[in-house]
Amino acid sequence: GGVVRKIILMALLLLIVMLSYPSPIEVNTQTSTPSLKINWVQYSNPTTESDSAQGVCVYGDYVYVVGHSATHPRIEMRRKSDGVLVKSWSGDLYDVLHECLIVNDRLLALGAYHFYVFDTSLNLKEIIPRHNVSLSWRSFLFDGTYIYAAGIVRDVTGGDDVWLIGIFNPKNLSKPLKIITINPTPYLDDVSRIGLNPVTKQLWVIGAAGVPISNTTYRWTTRVEILDKDLNGIKSIWLTKYYLALDIVFDECGYAYVVTPRYVLKFDRYGNLVKEALLYISPWKLAYWNGYIVIAGEDFVDGYVGQVIQLLDRDLNILDELVLSGNVSAGFEFLGRIVVDGNNLYVAGYDCAENATRPGRWVIYSISLGEYASAPTQTAFITYTTTVTRTVTTVRTVTTTYTSFIPTTITSTYTITYTAAVPITYTKTIKETATKVLPVTRTVTTTLPRATETITVTRTFTATTTSVSTVTISMGSSSKLPSWETMV
């Protein structure tokens with residue numbers, strides 16, 4: 001039922017796009033640059049029922065493809081060079097695998113209801129069930145320390161679904177370190193992808209927020225939640241003009257690119273929408289490579305819904321397009337990532353070649369992007385404010401001379417004894433001038449043989465003081481520091 005609903009949704013979206021677009025868009029291909037090309041394509045038909053590949057990841061010489069065979073999880077390990085199948089694994093649980101990534105030489109696969117842990121030779125090590133029976137995982141990433149996973153907690157009555165984001169230690173996926181829930185609207189909401197901005201180091205979780213259009217119906221709109229790595233909310237973005245957000249990538253300057261079923265949107269690092277472009281295909285997945293935006297989408301090809309790749313520059317201009325499928329209905333799933341490794345794009349989906357009414361087999365492509373090795377020039381108006389604190393020691397020499405002329409009268413009394421009966425007293429007065437500079441004072445006491453003299457002497461000195469100043473400089477885009485001057 002879910003696959004059939006997906007096909008119906010895809011057809012409706014393509015019909016909406018075609019009816020809303022007045023005339024075809026001319027693809028702006030660069031004649032000086034050769035077009036995209038397919039390196040190889042491989043097919044896999046695990047069962048006679050509905051099978052579909054959803055996401056890919058790469059490690060070493062291999063590409064790992066995840067999805068489902070009938071109602072069970074499946075992974076295929078293939079050679080990068082030619083796509084030849086090396087090994088596969090199929091589980092018995094009721095589940096579907098959306099994404100995979102490599103963490104510390106382990107292959108982690110995200111299912112709707114479980115985490116799956118393998119070694120890189122595709123030997124199963126562990127299966128970790130979801131911690132909430134109503135939870136359905138959608139997307140995850142690894143920031144070098146922790147696993148961040150996003151999904152939805154379903155309301156079994158069909159009244160409301162809420163977003164759930166969790167932090168996990170990659171060594172223990174059974175118990176989240178932290179969990180938060182976000183409920184954009186009291187209607188059915190959904191999560192598509194979680195991404196990490198390489199500049200701000202903030203998490204962007206994208207998906208859909210339900211908006212009622214009548215008492216009994218609603219439509220999905222674009223919703224973006226920006227969080228820090230502790231899952232604290234930074235900004236919520238709700239754009240009712242656009243349908244649900246499907247995938248997100250970032251460039252080196254922190255710009256975010258989001259696709260909806262009709263548009264590709266460009267946001268600055270703060271979450272402000274800076275540009276939009278209306279597409280004539282139905283985009284599903286995104287990758288960023290060497291200054292280009294790579295879109296995996298669907299379009300009508302020779303009377304069939306087919307798979308196409310488009311290449312856009314960072315101004316959202318279409319530069320190139322490659323049709324992957326022909327004479328068969330083919331498409332991409334709602335969830336799962338595509339990946340660029342070196343100059344090659346790896347993307348997986350499904351076609352109906354062996355089952356006319358629904359997805360019947362896996363389709364995996366390797367596409368060469370090497371002709372676009374020279375990235376386009378981007379003019380980015382970025383203001384970097386750098387505060388440079390330098391402690392400058394300035395020497396202040398203060399020479400202070402305090403000169404005081406203090407008349408000092410020293411009276412010496414001599415007692416002379418005569419043979420006569422009357423003594424005679426002789427008085428002598430000595431005046432002495434000294435130069436005094438405070439606060440150095442020396443007192444010298446001299447005992448004379450026949451008199452006591454007390455002399456106060458003040459000595460002139462030079463005092464040197466040192467002051468320390470802290471200078472803060474706010475720089476603009478220039479990396480050249482101003483010259484430092486001696487501060488007195």
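Reply: Let's begin with a word you will need: a residue is buried when its relative accessible area is under 20%, exposed when over 50%, and partly exposed in between. Keep in mind that this is a predicted model.

Me: Thanks! Are cysteine 57 and cysteine 100 buried or exposed?

Reply: Both cysteine 57 and cysteine 100 are buried.

Me: Which cysteines does a disulfide join here, and how many disulfides are there?

Reply: The structure holds 1 disulfide. The bond links cysteine 57 with cysteine 100, with 2.2 Å from S to S. Cysteine 57 belongs to strand E2 and cysteine 100 to strand E6 (residues 97-103), so the pair ties together parts that are 43 residues apart in sequence.

Me: Why is the disulfide called left-handed?

Reply: Look at the torsion about the S-S bond: for cysteine 57 and cysteine 100 the value is about -120 degrees, so the disulfide is left-handed.

Me: What about cysteine 253 and cysteine 352: why do they count as buried?

Reply: Use the cut-off again: buried means under 20%. Cysteine 253 has a relative accessible area of 18%, so this residue is buried. Cysteine 352 is at 12%, and therefore counts as buried too.

Me: Now serine 52. Where does it lie, and what does it touch?

Reply: Serine 52 sits in strand E2 (residues 51-59). With a relative accessible area of 0%, serine 52 is buried. Leaving out residues up to four places away in sequence, serine 52 touches Gly67, His68, Glu333, Gly349, Tyr350 and Trp362. With glutamate 333, serine 52 also makes a side-chain polar contact of 2.7 Å.

Me: How do I read a sheet? What is the order of the strands in the open sheet of 4 strands?

Reply: The order is E10-E11-E12-E13, and the pairing is antiparallel. Strand E10 (135-142) and strand E13 (178-182) are the edge strands, each pairing on one side only. From one strand to the next, the twist averages 20 degrees.

Me: How many bridges join strand E12 and E13, and which residue stands opposite glycine 166?

Reply: Strand E12 (residues 162-168) pairs with E13 over 5 bridges, in the antiparallel sense. Opposite glycine 166 you will find isoleucine 179 in E13.

Terms used
Residues are numbered from 1 along each chain as its sequence is written. This is a predicted model: local features need pLDDT of at least 70, side-chain atom pairs count only at pLDDT 80 or more; totals for chains, interfaces and linings use all residues. Side-chain values use heavy atoms; hydrogens and water are left out. Two strands pair if DSSP finds at least two bridges between them. Helices (H or I, at least four residues) and strands (E, at least two) are DSSP runs, numbered from the N terminus. Axes are lines fitted to C-alpha atoms, for helices over the stretch in contact, and angles run from 0 to 180 degrees between N-to-C directions. Buried means under 20% relative accessible area, exposed over 50%, partly exposed in between (1.4 Å probe, protein chains only). A polar contact is a pair of N or O atoms within 3.5 Å; within protein, one must be able to donate a hydrogen and the other to accept it, and residues adjacent in sequence count only if both atoms are side-chain atoms. Contact means heavy atoms within 4.5 Å. A disulfide is a pair of cysteine sulfur atoms within 2.5 Å.
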